[in-house]
Amino acid sequence: MGSLSRGRGTWFIILASITGLAVSLYDYVTPESGIDQSGGVLLVIVAMGLMLCAGLVVALLGSGLVAGILLFLILLDIAGTATAGYFLESPLLMGAMLIAAIGWILRLSVRAQRNRQ
Amino acid sequence: MKNRFSQRACLLAAALLWPAAARAEGQDWSDFNGNAMGQKYSTASQITPANVKNLGVAWSLHTGDVSYGGAGKMPKTQWQSTPLFVNNTVYVSTPFFRIFAIEPDTGKVKWIYAAKTMSNEPNAKFRGRNRGMAYWAAANPVAGQSCQKMLYIGTVEGQLHAIDADSGQLCQGFGNHGILNVNQWNTINPKFPFELNQPPVVYKDMLVLGWAGIDSLWQASPPGSVFGLDARTGTKRWDFQTIPENMRNKIGTANVWAAMSVDVANGMVYLPVSSPENNFYGGDRLQDMPYATSVTALHADTGQVAWVRQLVHHDLWDLDTNSAPTLVNIPKDGKTIPALVQATKQGFLFVLNRLTGEPIYPIVEKPVPKSNVPGEIASATQPWVPTPAPTVGDRFPGIFKVADWAGGGQCSRDYASYRDEGRFTPPSTGGTVVMPPTAGGVEWGGGAVDPTTQTYVVNSSNLVRIYQLIARNEFNALEKKIGPAAGSPNFGSPYASRTFNFFNQWGMPCWNPPYGTLSSYDLKTGKLLWRHPFGQVQQWGFYMPESWGSVTIGGPVITKSGLIFIGASMDSRVRAVDLRTGNVLWKHLVAAPAVATPAVYTYKGRQYVLFAAGGNNLVSPRVGDQLVAFTLPN
């Protein structure tokens, strides 16, 4: 595993994906959510599952080409899920994606700092 | 002496004020439309624009009467029932034809009456849908006798049940031990039973009852009729036929399936009359049918016609007059005019003198496009109402670029292949763009009016459908090949028909938004006060921008404090809107689109707003069984 600082960013992403997964699962099964049983929430559940897997793999790999590709895909996942959260009118989901975005930036900034050193 | 005088004065004042106080305490919702005048207006004023943001759930009840559809199951239910609040009880009927009597402040069920009907049996052939009940109370009740207050609920097979409002038991003196077989009068082309979806309207000790049927299946189906019934016994006092006698054997419907309005003081009942069969081809009914697609005024005691105003001539678009006219007095040019506002699927608001049928705002006869279908002769002109401004525009609103792009230009290509010459372009074999179509404009919820300011509010949908006629032999071949997807057979007519929403292959509307609006008018001047997109489209759970609005079903209500309460939209939200500005002040998520018009009542000093959230698959696949009451915190 990479350095603690770099790992912190990755763990933010993992935490956000777990939160997003929990929120979307709750929304999917709760009739009062207004978006239960909907294709949009199902899409988010899949996206959060993929982000969780990718985050764990990145945490394990630390760096390298595969980790870089996965980080790029995670960025797309964050952007897509945040947009879905906006149209699903789910502030919790958007909040989770904000945390993921912070984690992603942290991860990137640590990497940039390391490169400078 | 002075003291005694004061005491007497106090007693007198109390006696004078008591009925008013009792009325205020009651603030009933005793009719489908609040009152028999179709106003949907409540004098309740506890909930105001300033405090409505604090509105919360007082109680919520799930009736259990819902079908989610699916293979081999009963079709999805349509719960469009406006609850009543009367006799210190909330009453609501369900799509399984049960009546719940409920405590108004707690939601606790007092009793349930279950009408036996083929619709709530397993593998039911008919859809479970219900729009509510009627309530009648004896003017001089006999103490100790039951059925001095009665509820009426109709079933899908033409049975009208009369129930004692206190006990929930059938009233044995009505019909046959409490059930009147209205279908006994279904004698001409009885292809289907009379569906008593809409409750009767009450006039003194009478019920005035229409019925619904099945569209576009048979040309020779039951011809439209309305019955005047004794409220106590169900005895028929009169009937009114909408189709000329010499045509009844070959042409059906032009029925009254929507709510009616009553002017008790003038002894009049107002009928929104629907269109005749075949809904889209009139070559077999070229004879004048003055009551078809009209608003017709009858003398309520006799059923004799007072006046009729046809709203679409030789209707080829299924533009049924579909909501109860709103009765209101309008001060204008120094006089008070007894008026009627008839909202329509066309989006026209016909404002008429309700005693004479004469227009208060001009109705213009405009030339309209000719039919190019052999045998059809479309009317050369159609009635047009420039003022008040129609709720729907006269022309196709343009191709929605997002949908066109997403569908690879399919919207543009399809549009170019259809016939579109604006309003009242007749259906054609190649497909005609129809806006507003049968499900567009103002639906059966109709409008609401504040009778003190003559402010009229109405929700309307901007829908575009394609109407296509299919020659009989072509249809038969198509039906063999693809089954029911071929369209509606219209047996007995040279043409079957197919109508569908103008969507791209992804289900996106091909026309520009907004898809639904809420409008307010000053009836004294006919001026549009405001119009805003209303509700939100929801697809796959995603909420589309508010500026797009939503298709709506179910009407608004107005309260004295200047609020509009309305569900109606696709997004399963109920809303409170500022009557003055049209701004949404409060919204709340419910279990399904609240396509029933809400009810407003006051009980034990608290005002409640009551929504039935049952859904209708015309606006959204989501259906439900939730009855939810909102009130302010203590």
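Among contacts in chain A between residues at least 6 apart in sequence, 69% join residues at least 24 apart. Keep in mind that this is a predicted model. As for burial, 37% of the 117 residues in chain A count as buried.

Now hop over to chain B and find strand β5, residues 89-93. How many of its residues are buried? Five of the five, so β5(B) is mostly covered. The cover is on both faces: Thr89(B), Tyr91(B) and Ser93(B) are buried on one side, while Val90(B) and Val92(B) are buried on the other.

β5(B) has an antiparallel partner in β4(B), residues 84-86, and another in β6(B), residues 98-102. Here are the two pairings next to each other:

| Pair | Bridges | Sense | Residues between the strands |
|---|---|---|---|
| β4(B) and β5(B) | three bridges | antiparallel | two residues |
| β5(B) and β6(B) | four bridges | antiparallel | four residues |

Each pairing is also a hairpin. In the turn between β4(B) and β5(B), Asn87(B) has a positive phi of about 60°. In the turn between β5(B) and β6(B), Phe97(B) has a positive phi of about 60°.

If you want to check individual bridges, Val90(B) in β5(B) is the partner of Phe85(B), and Phe100(B) in β6(B) is the partner of Val92(B).

Technical notes: Residues numbered from 1 in each chain as written. Chains lettered and ligands numbered in written order. Predicted model: local features only at pLDDT ≥ 70, side-chain atom pairs only at ≥ 80, totals over all residues. Buried ≥ 20, exposed ≤ 12 C-beta atoms within 10 Å, placed from the backbone. Contact = placed C-beta atoms within 7 Å. Pairing = 2+ DSSP bridges.
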